[in-house]
Amino acid sequence: MDFTCIVLFLAIYYLKPQEWTSIFAHIRFVQLTMIAALGTLVFRERSLKARDFFRTPHDWAMLFFFLWICITYHEGPVAGFREFLNRITFYVVIVQTLTNWNRISRFLGWWTFFVWLTAFLAIAGEYFWDPLESRLLTHGIMKDRLVLNLSMVNNPNALGHTIAPVIAMLYFFCIWKRPIFMKQIGLLTYGFPIAAVYLTYSKGAYLACAAVILATLTFGRPKWVQIFIVSIAISSGIGAVYALPRMNELQKTKTDEAIQGRIRAFTYGHQYYNLYPMGIGMGQFVPRVMHDHKYFKASHSTYVQTGSELGKTGMFFFLLILWCNLRTLMFAKTYTVEQERIRRLLFVLVASYMISGWMVDFAYRATFFMFAAAVAAFHRHLHLHHQMQKELADDAKPVFKPWMKDAPASLPAPAAGVFASEGGQTAMVAVLPTVAAPKADPRRPWLRKHETTTEEKPEEPASPPWNKIGVIDIIVVTALMKVVDVMWVYAINHF
């Protein structure tokens with residue numbers, strides 16, 4: 001039931017049923033779904049305990065981010081707590097629900113499906129089925145740029161960046177190391193998202209798609225393959241991207257009104273970032289710009305929005321969450337194809353969010369908390385696997401007691417099996433058997449000198465996964481803050 005609730009949340013988040021008809025307009029679908037999910041967690045066979053909430057660095061980073069938002073909220077900590085509570089609830093519910101590898105895989109499969117369905121509805125509204133009257137919006141105020149008439153994707157840039165990750169997600173979910181018939185089905189699904197992104201005519205979405213595809217193609221590959229792919233992308237890919245509609249506008253940024261509007265937003269945001277150590281408060285960028293400059297403009301960047309509204313400390317905690325996700329995914333050692341598939345799908349979500357973050361203001365969207373929760377659950381299972389593997393390796397070590405005259409030379413290693421964790425989760429841990437030393441053959445005495453006393457040894461467990469925020473993480477996040485600041489200033493001065 002708990003898993004059903006988070007799938008329902010995905011459906012509500014992307015499809016917005018309350019916006020399809022006035023009958024559902026006043027029903028709080030998200031709140032009802034989250035209450036049901038919390039109820040199933042509380043009353044399930046193994047109820048929640050306090051230690052279940054803080055098992056990974058991701059959990060602590062999210063707590064720091066949550067507390068900082070409450071402290072800096074413009075109407076006070078209590079109002080900030082009420083405003084942000086639903087988002088932190090998304091994180092907690094998803095982490096506690098994804099209790100095994102199969103659930104994580106299915107959750108990412110449903111996520112891929114609902115993003116694909118968003119693209120399908122956008123194309124359907126343009127050509128053959130338009131229940132939301134999106135076509136009027138597309139060919140009216142949006143000047144023939146594709147949109148879907150739902151609040152989250154009712155402008156071309158938002159639609160393009162929302163759909164951007166699904167192109168790589170479809171590859172890993174339907175094609176990568178799949179049977180041939182599933183690869184064929186996967187290829188057939190590509191038409192709608194590619195057409196949807198193309199018809200948005202969004203320069204940012206084109207760049208995001210290209211960057212995400214490049215990042216995912218190089219992720220987890222040998223260095224020489226990465227260099228080869230990047231070389232091809234630089235030599236041919238850039239030209240292909242610039243051949244897309246409206247991309248030539250990037251060559252005249254000084255005269256393009258839309259780009260200059262974004263630069264003004266970047267400039268105002270950077271001023272707030274430097275002037276206000278605690279930021280101007282969550283959700284206050286547009287009102288503050290209106291008050292100070294008599295100019296209505298959104299931040300048009302997740303980093304600008306976070307830095308200006310939460311200050312440098314808030315930016316640190318935001319980047320700390322992203323770094324925890326990246327560190328887990330980049331350095332994780334997976335043991336099965338399905339685990340590796342999950343790792344790559346999660347990397348697509350994190351990478352696409354970080355790239356699109358420079359072009360759209362997705363700072364507090366549920367997407368951020370959902371992929372952070374999924375990575376935290378992934379991290380928990382990796383850590384659990386290592387613990388179980390280490391325990392099996394320790395149990396399989398030979399024990400010699402001098403008072404036992406007939407002590408065996410070695411103890412057999414246990415077979416692979418499923419072991420239950422302390423948190424009710426499961427992990428498959430395999431200890432590979434080894435070949436025992438051959439017995440002496442009296443008919444072939446010449447082999448005796450080659451006999452060995454090698455004992456059976458179980459496979460040594462890998463080094464334990466990183467599981468604590470340390471000095472290295474603080475240094476890396478501080479460096480990331482500097483990188484963000486440099487790129488922010490560069491965008492202001494060179495576009």
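Helices (H or I, at least four residues) and strands (E, at least two) are DSSP runs, numbered from the N terminus. By that definition the protein has 17 helices and two strands. This is a predicted model, in which local features need pLDDT of at least 70, side-chain atom pairs count only at pLDDT 80 or more, and totals for chains, interfaces and linings use all residues. Residues are numbered from 1 along each chain as its sequence is written, and side-chain values use heavy atoms, with hydrogens and water left out.

**Confidence and overall fold**

- The mean pLDDT (the predictor's confidence in each residue, from 0 to 100) of the protein is 83, and 82% of its residues reach 70 or more.
- Residues 407–460 have pLDDT below 50, and this stretch makes 77 contacts in the model beyond near neighbours in sequence; contact means heavy atoms within 4.5 Å.
- Where pLDDT is low, the predicted coordinates should not be read in detail.
- The protein has 495 residues, of which 49% count as buried; buried means under 20% relative accessible area, exposed over 50%, and partly exposed in between, with a 1.4 Å probe and protein chains only.
- Of the contacts between residues at least 6 apart in sequence, 73% join residues at least 24 apart.

**Helices H3 and H4**

- The axes of H3 (residues 57–72) and H4 (residues 77–97) come within 8 Å and cross at roughly 155°. Axes are lines fitted to C-alpha atoms, for helices over the stretch in contact, and angles run from 0 to 180 degrees between N-to-C directions.
- H3 and H4 are therefore roughly antiparallel to each other; angles under 35 degrees count as roughly parallel, over 145 as roughly antiparallel, 65 to 115 as roughly perpendicular and the rest as oblique.
- The crossing of H3 and H4 is right-handed. A crossing is right-handed if the near helix is turned clockwise from the far one by less than a right angle, and left-handed if anticlockwise.
- On the H3 side the contact is made by His58, Asp59, Met62, Phe65, Phe66, Ile69 and Cys70, and on the H4 side by Pro77, Gly80, Phe81, Phe84, Leu85, Ile88 and Tyr91.
- By class, this contact of H3 with H4 has 11 nonpolar, two polar and one charged residues. Ala, Val, Leu, Ile, Met, Phe, Trp, Tyr, Cys and Pro count as nonpolar, Asp, Glu, Lys and Arg as charged, and the others, Gly among them, as polar.
- Val95 also belongs to H4 and, at 2% relative accessibility, counts as buried.
- Val95 and Ala373 are 278 residues apart in sequence, yet 5.1 Å apart in space, C-alpha to C-alpha.
- Not counting residues up to four places away in sequence, Val95 touches Ala373, Ala376, Ala377 and Arg380.

- The axes of H12 (residues 257–275) and H13 come within 11 Å and cross at roughly 95°, which makes H12 roughly perpendicular to H13.
- From H12, Ala265, Tyr268, Gly269, Gln271 and Tyr272 meet Phe285, Arg288, Val289, Asp292 and His293 of H13.
- This contact of H12 with H13 has five nonpolar, three polar and two charged residues.
- Lys297 is found in the loop between H13 (285–293) and H14 (302–331) and is buried, with a relative accessible area of 16%.
- Leaving aside neighbours within four places in sequence, Lys297 is in contact with Gly261, Arg262, Ala265, Phe285 and Val286.
- Lys294 also has its place in the loop between H13 and H14, but is exposed, with a relative accessible area of 69%.
- Ser308, in H14, is buried, with a relative accessible area of 0%.
- Beyond neighbours within four places in sequence, Ser308 is in contact with Gly269, Tyr272, Tyr273, Gly279, Ile280, Phe285 and Trp488.

**Backbone geometry and other sites**

- Lys294 has a positive phi of about 55° although it is not a glycine.
- Lys143 has a phi near 55°, a positive value in a residue other than glycine.
- Lys143 lies in the loop between H6 (134–138) and H7 (156–175) and is exposed, with a relative accessible area of 68%.
- Gln226 lies in H11 (residues 223–242) and counts as partly exposed at 22% relative accessibility.
- Gln226 is in contact with Thr218, Gly220 and Arg221, leaving aside neighbours within four places in sequence.
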